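Here are my notes on the model, as numbered points. Please read them beside the sequence and the coordinates.

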Amino acid sequence: MGFFSKPFTLISLLLAFFTNLELIPMSKSDSDYTSLVYKGCSSQPLSDPSGVYSQSLSTLFGSLVSQSSKTKFFQTTAGNAQSTISGLFQCRGDLTNMDCYNCVSKLPTLTDKLCGKQVSARIQLLGCYMLYEVSGFPQISGMKMLYKTCSGKNVEGSGFEERRDTALSSLENGIVSVNGNGFYMTSYESVYVLGQCEGDLGSGDCGDCVKSAVQTSQVECGSSISGQVYLHKCFISYSYYPNGAPKRSDSSSSSSSGSGTDAKKTVAIILGSLAGVGLLVILLLVLKNAVKKKHDDY
């Protein structure tokens, strides 16, 4: 029976290696939702010789970040009557709570890096934004355009603008009927659109804001294949994919779950293959030994 020792030793080592192998998921870079869209920094620096505003701002940021794992919109104030700072964050409606937290948690550092200490600031990422302003700072209109971008690639003479306008019209109608969520996305003939209003905006004001953003995109972007328009209280985005929209990656949690399932399947396949190879080796050795023994008997 000595011929069993070597194959069993090899198989045991291989099985032990694959069984105890720690399956480390491939590192995943931050998704697009954390990419910077624009910054809005006040031109008026924050006068703070005693540091009281800095303390209020730090408290405000802490409150906003802590809430971002529970909700997609939150506004609050920090400080006393002499140093009150109000602020809010909002995440895009299709983000998970974990994605929202990952997005918002980057904003305090980015705000300080990009704007420094100003009486107001707003940082917009693809998936979320945060803003703050010192009490008494002049308010701006909710319809004021903060930022727009239009693709350099145009689509002309193919009925694209008609399809885009139909999709944007569906967005205008849909966003006022989403039970106050303020987020809506839809598509029409390969034109994908989405829009969102600030969380405290009523349905009527939300509809007016989105309508204004839509009109701006039509005028400013013309036949551009994609466009984004950010007003103070809402934003809209459209993209044309004539060959079909790219598949969206799963959220962090579902990706992790999927990776774990795939890893288990991979290990099962490897172990099954090893077991099959091991049995084949054993059978061949048994057969070889039997033939040798029969030959020796003759």
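1. The chain has 7 helices and 10 strands. Helices (H or I, at least four residues) and strands (E, at least two) are DSSP runs, numbered from the N terminus. This is a predicted model, in which local features need pLDDT of at least 70 and side-chain atom pairs count only at pLDDT 80 or more, while totals for chains, interfaces and linings use all residues. Residues are numbered from 1 along each chain as its sequence is written, and side-chain values use heavy atoms, with hydrogens and water left out.

2. Of the 298 residues in the chain, 34% are buried. Buried means under 20% relative accessible area, exposed over 50%, and partly exposed in between (1.4 Å probe, protein chains only). The accessible surface of the chain comes to about 17,000 Å², and carbon and sulfur atoms account for 55% of that surface. These areas come from the Shrake-Rupley method with a 1.4 Å probe; for residues, only the protein chains shown count as cover.

3. Contact means heavy atoms within 4.5 Å. Taking contacts in the chain between residues at least 6 apart in sequence, 68% join residues at least 24 apart.

4. The largest nonpolar core has 26 residues. Such a core is a set of buried Ala, Val, Leu, Ile, Met, Phe, Trp, Tyr and Cys residues joined through side-chain atoms within 4.5 Å. The residues with the most contacts inside the largest core are Leu60, Ile85, Phe89, Val104, Cys128, Met130 and Tyr132. Two or more residues come from each of α2, β3 (85–91), α3, α4 (107–115), β4 (120–125) and β5; α2 gives the most, with 6 residues.

5. Phe89 deserves a look in the viewer. Not counting residues up to four places away in sequence, Phe89 touches Leu64, Gln67, Ser68, Thr71, Lys72, Phe73, Phe74, Cys100, Val104, Tyr129 and Met130. A second, separate core has 22 residues, including Phe160, Val191, Cys197 and Val214.

6. Which residues of helix α3 (residues 97–104) are buried? They are Asp99, Cys100, Cys103 and Val104. These four cover an arc of only 125 degrees around the axis, which puts them on the same side of α3. The arc is that of the directions from the helix axis to the C-beta atoms.

7. Rings of Phe, Tyr and Trp (its six-membered ring) pair if their centres lie within 6.5 Å; planes under 30 degrees apart count as stacked, over 60 as edge-to-face and the rest as tilted. By this rule there are 8 aromatic pairs. The ring centres of Tyr38 and Tyr230 are 5.6 Å apart and their planes are at 65 degrees, so this pair is edge-to-face. Tyr38 lies in strand β1 (residues 36–41) and Tyr230 in strand β9 (residues 226–231), so the pair ties together parts that are 192 residues apart in sequence. Both Tyr38 and Tyr230 are buried.

8. Phe61 and Tyr132 form another edge-to-face pair, 6.0 Å centre to centre with 80 degrees between the planes. Phe61 belongs to helix α2 (residues 52–67) and Tyr132 to strand β5 (residues 128–134), 71 residues apart. Both Phe61 and Tyr132 are buried. One aromatic cluster is formed by Tyr38, Tyr147, Tyr230 and Phe235.

9. The charged end of Arg122 sits over the ring of Tyr129, 4.1 Å from its centre. The charged end of Arg164 sits over the ring of Tyr238, 5.7 Å from its centre. The criterion is NZ of Lys or CZ of Arg within 6 Å of the ring centre and within 35 degrees of the ring normal.

10. The loop between β2 (73–78) and β3 holds Ala81 and also Ser83. Ala81 has 69% relative accessibility and counts as exposed, whereas Ser83, at 1%, counts as buried. Leaving aside neighbours within four places in sequence, Ser83 is in contact with Val52, Tyr53, Ser56 and Ala78.

11. In the loop between β7 (183–188) and β8 (191–197) is Glu189, which has a positive phi of about 45 degrees although it is not a glycine. Ser190 is in the loop between β7 and β8 as well, and its phi is also positive, near 70 degrees. Glu189 counts as partly exposed at 47% relative accessibility, as does Ser190 at 26%.
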